[in-house]
2 protein chains.
Amino acid sequence: MAELRRDPLLDRWIITGTAQGESLEALITIYKKVSSQECPFCVGKETETLPEIFALRQTGSRVNTPDWQVRVIPTRTQTLTLQGDLQKRGEGGIYDLENAIGSHEIVIVSPKHLTHFSQLSPEEIAEVLKVYRWRLQELAKNNLCRYALIFHNQGDGPVAVEHAHSQIVTLPFVPKTIREEINGAKRYYNFKMRCIFCDILEQEIETNKRVVLENEDCLAFTPFASRFPFEVWILPKKHGCCFVESEEETFFNLGVVLKNVLGRIEKVLANPPLNFILHTAPLRYQELDEGEIISDVYHWHLEILPHALPAGGFEWGGDFYLNPPLPEVTAKILRES
Amino acid sequence: MAELRRDPLLDRWIITGTAQGESLEALITIYKKVSSQECPFCVGKETETLPEIFALRQTGSRVNTPDWQVRVIPTRTQTLTLQGDLQKRGEGGIYDLENAIGSHEIVIVSPKHLTHFSQLSPEEIAEVLKVYRWRLQELAKNNLCRYALIFHNQGDGPVAVEHAHSQIVTLPFVPKTIREEINGAKRYYNFKMRCIFCDILEQEIETNKRVVLENEDCLAFTPFASRFPFEVWILPKKHGCCFVESEEETFFNLGVVLKNVLGRIEKVLANPPLNFILHTAPLRYQELDEGEIISDVYHWHLEILPHALPAGGFEWGGDFYLNPPLPEVTAKILRES
């Protein structure tokens, strides 16, 4: 069984042992790209994947058949599982480990063999966002799951299949980045009694130096301390810590901005590898001791991270980033592209 | 001038604005690899780089001429500078920034056009380690510099020149990863009254499940919560928080282990991109309030991070890592390769 291991120094969790028993060769070949002819995510290949967990389907169509628009399946490697329990244990007094409890799902965003999320229409993106939300609502019902990380990898990254797909990973803990964001937002709130994200929104709109795109419901901008060239965050204008609680009517406008910004980044950087990541409150945050505080201080958002330059010693050695162009410059380039 | 910007949420620093005024095209082309024919780091091309800061030379040979073994030069992009002062300031109340005070040096590890650090002999590696140390001693004299990050990028990473070279980056703050390591080590020490790294050393030697190589002075092993497949740490056996204070006699044995481990990783993963990073105490740590504590709790070491799988949403979204093979498995493969 796969293991969740805690770094004893940094309180950072690692999932490992998913390639247990497989040869090194097999490990490496599973990461090879699958060409479109043999793509198991295309419509008509429903029996080549594990049975679907959920699909947005035409009324009356049967599960695991064609006629779907968005389809959710488990990963074949079964990285995490909801079978069994955590069995928290130690190794030699220093090391903590747990069974890899959780789930790992693939959201196939289109029945067509699209390779870029930006090829979806804003209406289609709104449907994908609804699927994200339905899955978050469903996964929150399992008490072992404390967080659901939703992200989309595109391009040269760790993509086994090029057919555009997002991933939903539920975990029995809140990931380090999200805990740090909540703690950072609390510190700001204690000082100013305001949500830091709402203040950032206001200031970015006012100074208009780093805005890429804005509409009624959301703002896309290059963050002040961008880690990567052409990094863009999309913030909903209305305060809310939890993506699940956001209004469905805003999804179309979010889709417009997401499609547009991704398209600009792909144009300027000639289709770089990129990820976008949903940052939202922990599952069932309302039941946590700090639930009310999270609701006040945290603000869900999307982060788009292009990787035109690979990470090196700066990033892995210091959690310190060298980002050559100023975000004001990249915002201007994106606005004008 | 380049800027150091603080992420208002995560207390993470970014250096940006180093490509200010340059076109996007220029930004991207500076990362193109330079072929060996035009390599400015090879012996005989001393006038094609900025004047050397330091070189290990044959007695009597003049600066910026051939006859050197290891040569230290400033980077051409002048990412950080020791000219001027920090000028800490804000933008709109939310954002903090400073001038990019510090230095960025290149350590050319051989006059020959080697592309792999493992091509050096253990004796040559010992000389490189001495140069690291001399530079750390020298850079510690500047009160604006609080930390010196030493790392070596190899392969597909952000390498402008393939000729093997390390980098020394001095910063006006301690990077997030090092601060977290010191804090984590303090927590352990408060609880057990022992250095966590010394305990890890002892346990790794005793269980012998993750050991790759051991000699009189150091231990190479795959850490329990490895982030990357075939990640290896090299720990000196003798406790010490600061690389500068380690005994020169141990450098040969460290060179033996470093060369050997890098060679095994390169063999198993067919020359993956990798970094190795020196983790050591802040400059002039003795003068800090917590200087004595750092000396007790921290333990300098080298981390070797191969990047056979690129980072994706897991890593960038959660500071959470999916590392398919167990470290016990990769240690065995490296031992037997």
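Tutor: Let us begin with a definition: a residue is buried if 20 or more other C-beta atoms lie within 10 Å of its own, exposed if 12 or fewer, and partly exposed in between. Please keep in mind that this is a predicted model.

Student: Is V174(A) buried or exposed?

Tutor: V174(A) has 22 other C-beta atoms within 10 Å, and therefore V174(A) is buried. This residue lies in the loop between β9 (165-171) and α3 (176-192) of chain A.

Student: Which residues does V174(A) touch, not counting residues up to four places away in sequence?

Tutor: The contacts of V174(A) are R146(A), Y147(A), R179(A) and P282(A).

Student: Where is E98(B) found, and why does E98(B) count as partly exposed?

Tutor: E98(B) belongs to strand β6 (residues 95-99) of chain B. E98(B) counts as partly exposed because 18 other C-beta atoms lie within 10 Å. With residues up to four places away in sequence set aside, E98(B) touches L4(B), L86(B), Q87(B), K88(B) and P172(B). The C-alpha atoms of E98(B) and I15(B) are 9.5 Å apart, although 83 residues separate the two along the chain.

Student: What can be said of chain A as a whole?

Tutor: Chain A has eight helices and 15 strands. Its radius of gyration is 20 Å, close to the 20 Å that the globule rule gives for 337 residues, so chain A is as compact as a globular protein of that length. Along the principal axes, the C-alpha atoms of chain A fill a box of roughly 55 × 50 × 40 Å. Of its 337 residues, 49% count as buried. Among the contacts in chain A with a separation of 6 or more, 69% are between residues 24 or more positions apart.

Student: At what angle do helix α2 and helix α5 of chain A pack?

Tutor: Helix α2 (residues 122-139) and helix α5 (residues 251-268) of chain A pack at about 115 degrees, and their axes are 8 Å apart. The crossing of α2(A) and α5(A) is right-handed. On the α2(A) side, the residues that meet α5(A) include I125(A), A126(A) and L129(A); on the α5(A) side, F251(A), F252(A) and L254(A) are among them. The residues of this contact divide into nine nonpolar, one polar and three charged.

Student: How is a backbone angle such as phi to be read?

Tutor: Most residues other than glycine have a negative phi. In this structure, N271(A) has a positive phi of about 55 degrees although it is not a glycine. N271(A) is placed in the loop between α5 and β13 (274-279) of chain A, and N271(A) is partly exposed, with 14 other C-beta atoms within 10 Å. In chain B, N64(B) also has a positive phi, near 55 degrees. N64(B) lies in the loop between β3 (54-57) and β4 (68-74) and, with 15 C-beta neighbours inside 10 Å, counts as partly exposed.

Student: What rotation superposes chain B on chain A?

Tutor: A rotation of 180 degrees, with 0.0 Å of shift along its axis, superposes chain B on chain A at an RMSD of 0.0 Å. That is the relation of a two-fold axis. The same surface serves both copies, as 100% of the contact residues of chain B recur in chain A.

Student: How many residues does the contact take from each chain?

Tutor: The contact takes 72 residues from chain B and 72 residues from chain A. On the side of chain B, the largest share, seven residues, comes from helix α3 (residues 176-192). That side divides into 39 nonpolar, 21 polar and 12 charged residues.

Technical notes
Residues numbered from 1 in each chain as written. Chains lettered and ligands numbered in written order. Predicted model: local features only at pLDDT ≥ 70, side-chain atom pairs only at ≥ 80, totals over all residues. Helix = DSSP H or I, 4+ residues; strand = E, 2+ residues; numbered from the N terminus. Rg over C-alpha atoms; globule rule 2.2 N^0.38 Å. Contact = placed C-beta atoms within 7 Å. Least-squares fit on C-alpha atoms with pLDDT ≥ 70 in both. Axes fitted to C-alpha atoms, helices over the stretch in contact; angles between N-to-C directions. Left-handed = near helix turned anticlockwise from the far one by under 90°. Nonpolar A, V, L, I, M, F, W, Y, C, P; charged D, E, K, R; others polar.
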